[in-house]
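Colleague: I am new to this structure and would be grateful for a guided account of it. May I put some questions to you?

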Amino acid sequence: MVIDDSSAMRLILGRIMRGLGFDVIEAPNGAEAIARLQSGAAPEIALVDWNMPVMDGLAFVNAVRKEEKWRQITLMMVTTESEQSQIVRALAAGAHEYVIKPFTPDAIADKLALLGVLAY
Amino acid sequence: MTYIPSADDLEVITREVWTTFLDGDPSGLVQAGSADAVDIGADAVTGCVHLSGGYVGSIMLRCSASVARDAAAALFSMSPAEVTHVEVVDALGELANMVGGNVKSMLPGPSTLSLPAVVQGQVAVPGAQVVREVALAWRGETLLVSLWQQAARAA
Amino acid sequence: MTISASVFAYIAEIVKQDAAIVIGPGKEYLVESRLLPIARDAGVSDVASLAYKLQNGGGERLRRLVVEAMTTNETSFFRDRDPFTALSSAVLPELCRKRGATHRINMWSAACSTGQEPYSIAMTVLDHPLITSDWQVQIVATDINEEILARAESGRFTQLEVNRGLPASLLVRHFERSETEWKVLSAVRNLVRFKHQNLNEPFDFAFMDVVFLRNVLIYFDAATKTDVLRRVRRVMKPDGFLFLGGSETTIGLDDGFERITIGNATVYRPKGAGPVDLPQVPSPVASRAMPRAPLTQPLVPSQIAFRASGVAGLNVNRSINSW
């Protein structure tokens, strides 16, 4: 699942993920992503932007981590927020990995491999 | 002492964004002389994000409508002829967001980044002034990147 | 649009022929992203047309550009992951047992390029629970290119570079923001000594416990490979460990080494080095089922407070200050 308010970014990330063999669903903010999960979507991994309208990425991570039934979802922030303190906040909230924009396709693939959702 | 990113820093960050998502070629975006001398023209488009917190101000990308269309086309992998207003707003907003977020991490924090806004013409922020500005040439046209600071917080 | 299977197979084949580097399945995006700029420079619109051009007398220069684009800039932190897992899970524990008298471990990162490898080793050492502050660990990092070596020595990496292979938890623990870049903290930096070295010339260091000589033999002919391996073996301790790149081996080149496997990693040791206590390394299948336990045991969020408070017995104070 690719969650980003920019449709350009959803397109770019979606293309990378499809290239890596994933099926991709998209959401333009955290609230719609939660709605997709509630209606049964069960993504292996969510790529989450931070700054989004309605519900931001950090709030989304917090919301997902509160629910036992969503434990299996690997959460990776993909955001332009790049202060160390922000990265620490996101990891503490329950994000498994963090990619800073701008990123290359290789960077996404590397991180997915680190997380074990993609073979090396 | 507060470190304010230099014009070179703005250039490096913008180039990193442009190279990664638009060009694949670091030589595609180069410094274009004094920012003061630049006249974007009547059809300027501005992408803007605001910062509040440890630093109060804005980061803006300003360019002509045709540059904005080309940038959107490159970001969406479309031909410029297919690009509509919707793609331009999305692309310029996301580009401003990426440049803004990376500039923010060099400024005194913690600060919050606003959602991007994209407007036709030039943005004037009341009580704020440009503290850094750089003119960059991309595909023969000019892109202005500026960092603004709210006057009340200016050193 | 990703490229077709036949285009991918063709590109993979010429890269294998020319550079002996295997591009595994699932790397279509890599071929696409690396070759699109070359396709455009060559006056065609996409990678499929570029492949067609190569197949129909595109010329040697174009082919070389393609192979270079597919093989260079592959450097990332913790590249290939498995060697670092082996280092952490078996090699360092073994050395801690055997070097108890001297409390000294020497490592060599050969052809270190811009420094991702020696700093990855240094982070692995710093975060290792058995390597307490009374151990002296030195990593010699060498490269033939002075300019690249100077960059490595500066310890500065761009945003794009730290996005490659470096777990976010290690980024925030071992790096600090420095203008537009990230800089390794001195605790990491101080473990590494950078040095100019042409691998074809004599080495003026010795007694290496661990050598990383990865993805450099591929550029040499067989005679040079044999010569380099022999001389590397002579500067290793008799019970040392040698890591090579994924497509490299000592077999058929220098029979003074024997090959062992630690988890998914292949490691070479001087013959007669004796057995190693192998850890319980999960099989590849099992490790896929446990996605949250990657290589250097990067912190899962719930452990951050735990480690930051020093309870784990790690010498982490230096890096915590920068949080």
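This is a predicted model: local features need pLDDT of at least 70, side-chain atom pairs count only at pLDDT 80 or more; totals for chains, interfaces and linings use all residues.

Modeller: Residues are numbered from 1 along each chain as its sequence is written, and chains are lettered from A and ligands numbered from 1 in the order in which they are written.

Colleague: In what order do the five strands of the open sheet of chain A stand?

Modeller: Helices (H or I, at least four residues) and strands (E, at least two) are DSSP runs, numbered from the N terminus. Two strands pair if DSSP finds at least two bridges between them. The edge strands of chain A, each pairing on one side only, are β2 (26-27) and β5 (97-100). The pairing is parallel, and the order is β2-β1-β3-β4-β5.

Colleague: Which residue of β4(A) is the bridge partner of L47(A)?

Modeller: β3(A) and β4(A) run parallel and are joined by four bridges. In β4(A), the partner of L47(A) is M76(A).

Colleague: How many residues does chain A give to the contact with chain B?

Modeller: Two residues are in contact if their C-beta atoms, placed from the backbone, lie within 7 Å. Chain B gives 19 residues, and chain A gives 17.

Colleague: Which helix of chain A supplies the largest share of the side that touches chain B?

Modeller: The largest share of that side of chain A is five residues. They come from helix α1 (residues 7-19) of chain A.

Colleague: Why is strand β2(C) described as largely enclosed?

Modeller: Strand β2 (residues 136-143) of chain C pairs in the parallel sense with β1 (residues 104-109) of chain C over six bridges. Five bridges also join β2(C) to β6 (residues 192-196) of chain C, again in parallel. The strand β2(C) is largely enclosed by the rest of the structure because, of its eight residues, the number buried is six.

Terms used. A residue is buried if 20 or more other C-beta atoms lie within 10 Å of its own, exposed if 12 or fewer, and partly exposed in between; C-beta atoms are placed from the backbone.
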